[in-house]
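Open the model in your viewer and keep the selection panel at hand. The stops below go from one selection to the next.

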Amino acid sequence: WVVKAQIHAGGRGKGGGVKLARSLDDVRKLAGEILGMQLITHQTGPEGQKVRRLYIEDGADIQKEYYVSLVTDRATQKVAFIASSEGGMDIEEVAHATPEKIITIQIDPATGVFPHHGRALAKALNLTGDLAKQAAKLLSQLYAAFVAKDMEMLEINPLLVTGDDKLIVLDAKISFDGNAMFRHPDIAALRDETEEDSKEI
């Protein structure tokens with residue numbers, strides 16, 4: 001199992017927020033250690049944030065990690081699907097050091113997803129055969145969720161290939177358009193004000 005601290009600022013455990021457990025006893029022990037701790041990462045700043053929630057998920061047999069995200073490109077008025085073969089890393093560093101490893105696929109909301117978008121994603125990630133088909137299906141699913149839930153950003157890091165050749169979303173960060181929350185009471189109900197600045201609230 002993987003035990004993860006869940007805090008609003010995100011972060012992939014640079015301050016000890018992600019732990020691997022080999023048994024249920026380990027899960028209990030690690031959960032006790034992480035809950036209530038002050039997690040400090042490069043995203044929380046030096047003051048850190050208190051951990052109030054945990055995610056516990058199955059471990060994964062990771063063969064390869066990728067990065068994908070969807071954002072609204074206001075310049076083109078399209079949805080930009082950004083992909084990189086360098087998942088599991090700081091994407092800003094990848095963009096700075098090796099920008100050629102970041103591919104952008106534009107999807108026009110007026111027409112939606114076409115098969116060539118899925119092929120472009122598979123090519124960007126160097127996926128072939130059944131993995132390419134899985135990538136195309138995933139692109140359609142992510143785009144549908146992005147539009148249906150009025151997301152501003154959907155970032156998956158990492159997207160991974162498992163030992164048995166399955167494409168799995170391992171970790172994601174999502175932000176929603178606050179102006180559209182009236183359409184999504186299910187999402188609004190997930191709001192945790194302890195993770196927000198009281199002055200902003």
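Start by selecting K29, which is exposed at a relative accessible area of 53%; here exposed means over 50% relative accessible area, buried under 20%, and partly exposed in between (1.4 Å probe, protein chains only). K29 and E33 sit 4 residues apart in helix α1 (residues 24–34), about one turn of the helix. Helices (H or I, at least four residues) and strands (E, at least two) are DSSP runs, numbered from the N terminus.

Before going on, note that this is a predicted model: local features need pLDDT of at least 70 and side-chain atom pairs pLDDT 80 or more, while totals for chains, interfaces and linings use all residues. Residues are numbered from 1 along each chain as its sequence is written, and side-chain values use heavy atoms, without hydrogens and water.

The structure holds 6 salt bridges. Select K101 and E86 for another one, at 3.6 Å, N to O. K101 is in the loop between α2 (91–97) and β8, and E86 in the loop between β7 and α2, so the pair ties together parts 15 residues apart in sequence. E86 counts as buried, at 19% relative accessibility.

Next, select D150 and R183, whose side chains meet at 3.0 Å, N to O, in a salt bridge. D150 is in the loop between α4 and β9 and R183 in the loop between β11 (172–176) and α5 (185–188), 33 residues apart. D150 is buried at 17%, whereas R183 is partly exposed at 47%.

Which residues have the most contacts inside the largest nonpolar core? Select V68, F81, L121 and L127, within a core of 27 residues. Such a core is a set of buried Ala, Val, Leu, Ile, Met, Phe, Trp, Tyr and Cys residues joined through side-chain atoms within 4.5 Å. Helix α4 gives the most to this core, with 8 residues. Around F81, contacts (heavy atoms within 4.5 Å) beyond four places in sequence include V68, I103, L121 and L142. A second, separate core of 8 residues includes A21, L30, I34 and L39.

Finish with the backbone. N157 and P158 are joined by a cis peptide bond, with omega about 10°; P158 is in strand β9. N126, in the loop between α3 and α4, is not a glycine, yet has a positive phi of about 60°.

Conventions:
Salt bridge = Lys/Arg side-chain N within 4 Å of Asp/Glu carboxyl O.
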